[in-house]
Amino acid sequence: MSKRKSTSFEETHPKRGKPAEEDNVDEVGPSQPLSLQKTVGEVGIVESITLRNFMCHSLLGPFTFGSNVNFVVGNNGSGKSAILTALIVALGGKAQATNRGSSLKGFVKEGESSADVSITLRNKGKDAYKPEVFGQAVIVDLRITREGMRSYKVKSKAGQLVSTKKDELMAILDHFNIQVHNPVSILTQEMSKHFLHSKGEGDKYKFFMKATQLEQMKEDYTYIMETKTVTQSTVEKHQSSLEELQRNYKEKEKLYNSLASLDEMQAKLEELQNQMAWALVTEMEKEVKPCREKLESEGRSTIKYDEKVEEWKGKVVEAEKRDKEIRDQLDDITVRVQQMQPKLAQLRAEEQAKNKLYKASETSVHKNRNNLRDLEKDKDQLSKRIDELKQSISETTGAESQLRAERIEKLQADLDTLSFQDSTLTQQVDQYQKAVDRAKDELGKMKREERPAQVALDANQRNLRTMENSRTNRLRRFGEQMPGLLAAIEEAHQRGRFKHKPRGPLGYCIGLKDPELALAVEVCLKGQMQAFTCDNHDDERVLQGLMSRVYPRGRPSIITSQFLPHRHDTSRREVNHPNYPSVLQALEIEDPVVANCLIDQRGIECILLIKDTKEARMLLQGRNPPRNCSQAFTKDGDQVYTNRSYASDQRRPNFLSGDVEEEIRHLQGEIENQSAYMVRSRQQMKKVEDDVRQNEGLLKKAHEERKRTKDKSTKLQLEISDLQNVEEPQSEDLRPLEEELQEILDKIASSRVENEEARGRMAQLKADWEAGNREYQQHKEQISSVAEEAEPIKEELNKNDLEVDRNKRHKKHYEEKRIVHLKGIQDLEAALQDKEKELTTSIVKASEICPERLEVRRSAKSLDTEISRLKLKISSQQVQQGDPEDIIRQYHDAMDSYKTVSMQVKNLNQFVHLLGHIMNDRHKVYTELRMYLAVRCKYYFDSMLFQRGYTGKMTFDHRKETMSISVQPGEGDKASLSDMRSLSGGERSFSTVCFVLSLWAIAEAPFRCLDEFDVYMDMVNRRISMDMMLKVAASQRHRQFIFLTPQSMSSLSVNHLIRILRLNDPDRSQSALPFGQRNQEEEED
């Protein structure tokens, strides 16, 4: 909203000086009262108003208003709107109606504790309100505190306090017909602007209804109809009370008509008292009998408890004995392993020593081979020299010697070739043998590794099928047959074959608070995840029969224990740790039967769940393990005791995992990896087997080839020896060379023999080393197999430990139950003694009342009720017999009350019926009045517009509650009428004035206020509007008119009907107003 521009008119009158803390006004026009006129308002007009510390003004007034026309003029911020706001608030209006603040405390000047407003209303003539009390004026004083509290003081003209209640003020306003929320009485700038800018025809209609008080009539009509509804409800309530009065009347009438004989009732009372005495004895005997029977039954149960305690004691001893045997077996295995360790170390040392000798022998063979190669070279050189000499001699010795020498040379060359082939074949044999041994060792290792991998693959495939089936039914995690078994159990239970329906599988009946502990809980409970529990052995036999039909083999286990309706109290024996929960604390178990079963069978209240294995070992195997903690499980499934720990073979949860799809994906990945590993392993095994067969074939061929080479070499050596033994003439120069050659040949032969011996020794040492290595590996595998024997024994030991704990808990459980049972027997014996004493006393009292015992079939309670009723009847009859006049009087009173209320109900029904007819007639009159007022409003509106030369049309639709106004400025065709929103600001303001004046003509009010009615008008429209309002005011001198405007109004002619109150300019040193953010931004005056 934009600020208004300051008026351009100059004031010609002199201003008074402005005193401190006070805003004064200059008064223009005659100051004499308007009572001199013949026709003036007598009641309800505002004579004066005074404001203190109101809004941003320390003091405004007192302002004395004339009886007819009053102009309050002044610049923006001078206090015009403050006067109008004070008028609304002081006469009971709400803060929101002023559009100057949301609450009353916003009207208190900044820095002040309260604001005061004083208004004087005229109270003269025949219509005066309590003139004997208030006199000729009523003074209304309002005080608003900083907290927003409002208090009134209603005084007489003399200043005497008459009332401080708002109800008194409301009565005065109703009498004077003052309506501060009616726009006809007070039209604020905001309401005028809302009407000007309103786009809804419904808003205009509401404005019309409120101005003409038709809205109030409609609300009164609605209130009367609601009252009628309330009256109908009251009639219905009276109808119900009428029925009660009728019943009372009938009872009094019955009492009045019948008076029974007292002697007969006294005899009946004595008989009932005798029966009552022996009925109490009979009921006491009935109470004693079950107590005796229960005591005898409990005595028999004591034997059962003793048997149970002895039974579990025996089981504890047996389990502890079995535990010792298993530990002895484990100790034997440990001793065997320790005994085999020295031999393993010895075999390892021997294998290393043999390997060292084999390596040394291999070095010696290589050395001999090198020496042989050197001798061969020397032999070749010497043979060449001899051949040269022989060449020279051959010329003399003849062809025969030469042929023999050539033959020997050729044979020697062949012999050397065979010797080299033999050495090569020997190396090949060694290589092939080593390759075969290595391949066989690798093949055995691969086969040993394949077996557990195949077992794991089969297990994962079974788990995958179970998980896939559990997508639609979680029960299938516990086995394919589990849904069928539960269906059979449900059917049998419905047929009544079970005394108590079995619970299970137990893993299906529990939930996890922390999903990370799923594996730990499964490893802890193990077979109990799929187990069932029964209340008694009969139910167990029925369940076994059902399982035998569903499970061909591998049935779930059954635990038999009495079902209790509440969970065991484990507060004394459970483990409590601030950082780690017990299994019982980590599980969500709704069924107390399942919780009690797991507590009895597994002791879950004494087992901690610790996610980290290292922390679990430090906690349990430290100096101060937690109290009552028997063991702990980690999130990886590892089991930790105070003196030992075991690793878990299970890596994933099978029953309690939350995300089935994630488990399926994980199992599929593992199966894929394991299948790929199995394929690769089998391919490698096939390849190794092929290598073994190929190397064994090559080894066999190398052995055969070597044998053939040795045979050829032996034949050549014999032939060479024969040729060399043939004597022939030689030169003296050849003998030393031949001797040297022979010496070299001897060395070669000796070296070959040594080489063969060395190779033989090497082969032997190699065989010894390989044998030692095999013996070492075999011994090592024996130790491993012995150690593997300990694993099932450890598992059995673990199971037996659990069995020992379970048996001890059962023994303790039955011992405690026996103690409680014996205590109950003692209590029963004491209670029985008390009841027997009471029975004896009751028999004595009954004998005193009636010596002969009576057989009574009725209960003491019914007899007591009848005795009480009979006594009451006798007492009532005695009273009636004593004063019959009271009975007659009560009868007549009840009859009169009934008839009176009946007549009232009848009259109220007639009233409601008559009220309906009256309201229908009044609604017709209301409709006619609404139509009449609308016609008058149209007439006056057209008349006002005609004075300006405008044409207009006002259309009412009472059914839709809408009103449309169309205006055509100047002379024009009525067909071209347009909505007010298309007019200029001045034209709209003028049209608004015409509409308001038309409402003034049809509505009654002692005074009328307009705030800045001419703010959007041009000079012509302002002059015409002013003339029209002054004309209306002159024609209605019995009413008061108050106009607030920033114009100077200097052009008005002064007369006795018009009074102008001019406000001084505001003090602009004050930068902000004290009432709300909206008023801080702009001043609406």
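**Helices, cores and ring pairs in a predicted model**

Tyr 205 and Phe 208 stand three residues apart in helix H6 (residues 201–211), and therefore about one helical turn separates them. Helices (H or I, at least four residues) and strands (E, at least two) are DSSP runs, numbered from the N terminus. An α-helix has 3.6 residues a turn, so residues three or four places apart point the same way. The structure is a predicted model, in which local features need pLDDT of at least 70 and side-chain atom pairs count only at pLDDT 80 or more, while totals for chains, interfaces and linings use all residues. Residues are numbered from 1 along each chain as its sequence is written, and side-chain values use heavy atoms, with hydrogens and water left out.

The protein chain contains 22 helices and 23 strands. Of its 1085 residues, 42% are buried; buried means under 20% relative accessible area, exposed over 50%, and partly exposed in between (1.4 Å probe, protein chains only). Contact means heavy atoms within 4.5 Å. Among the contacts in the protein chain with a separation of 6 or more, 78% join residues 24 or more positions apart.

A search of the whole structure finds eleven aromatic pairs. Rings of Phe, Tyr and Trp (its six-membered ring) pair if their centres lie within 6.5 Å; planes under 30 degrees apart count as stacked, over 60 as edge-to-face and the rest as tilted. The pair of Tyr 205 and Phe 208 is tilted, because the ring centres are 6.4 Å apart and the planes stand at 50°. Tyr 205 counts as buried, at 3% relative accessibility, and Phe 208 is likewise buried, at 0%. Tyr 129 and Phe 134 form another tilted pair, 5.9 Å centre to centre with 40° between the planes, and both of these residues are buried. Ring pairs also link Phe 71, Trp 1000, Phe 1041 and Phe 1043 into a cluster.

Charged side chains also lie over rings, a charge being counted if NZ of Lys or CZ of Arg is within 6 Å of the ring centre and within 35 degrees of the ring normal. The charged end of Lys 315 is placed over the ring of Trp 312, 4.0 Å from its centre. Over the face of Tyr 641 lies Arg 644, at 4.2 Å from the ring centre.

In soluble globular proteins, nonpolar side chains tend to be buried together. A nonpolar core is a set of buried Ala, Val, Leu, Ile, Met, Phe, Trp, Tyr and Cys residues joined through side-chain atoms within 4.5 Å. The largest such core has 49 residues, of which Phe 71, Phe 208, Phe 995, Leu 999 and Trp 1000 touch the most other members. Helix H20 (residues 985–1002) supplies the largest share of this core, nine residues. Apart from this core lies another, of 48 residues, including Met 55, Val 108, Leu 142 and Ile 144. When residues up to four places away in sequence are not counted, Phe 208 touches Leu 214, Leu 933, Ala 934, Cys 937, Phe 956, Met 963, Leu 999 and Ile 1002.

Helix H14 (residues 592–602) is largely enclosed by the rest of the structure, because eleven of its eleven residues are buried. Among them are Pro 592, Asn 596, Asp 600 and Arg 602. At the start of H14, a side-chain oxygen of Asp 591 comes within 3.0 Å of the backbone nitrogen of Val 593.

In helix H15 (residues 613–620), the buried residues are Thr 613, Ala 616, Leu 619 and Leu 620. Seen down the axis of H15, these residues fall within an arc of 130° and so line one face of the helix; the arc is that of the directions from the helix axis to the C-beta atoms. Lys 614 and Met 618, on the other side of H15, are exposed. The cover over the buried residues of H15 includes strand E14 (607–609), strand E15 (631–633) and strand E16 (639–640).

Glu 47 belongs to strand E2 (residues 43–54) and is buried, with a relative accessible area of 18%. Its side chain makes a polar contact with the side chain of Arg 122 (3.0 Å). A polar contact is a pair of N or O atoms within 3.5 Å; within protein, one must be able to donate a hydrogen and the other to accept it, and residues adjacent in sequence count only if both atoms are side-chain atoms.
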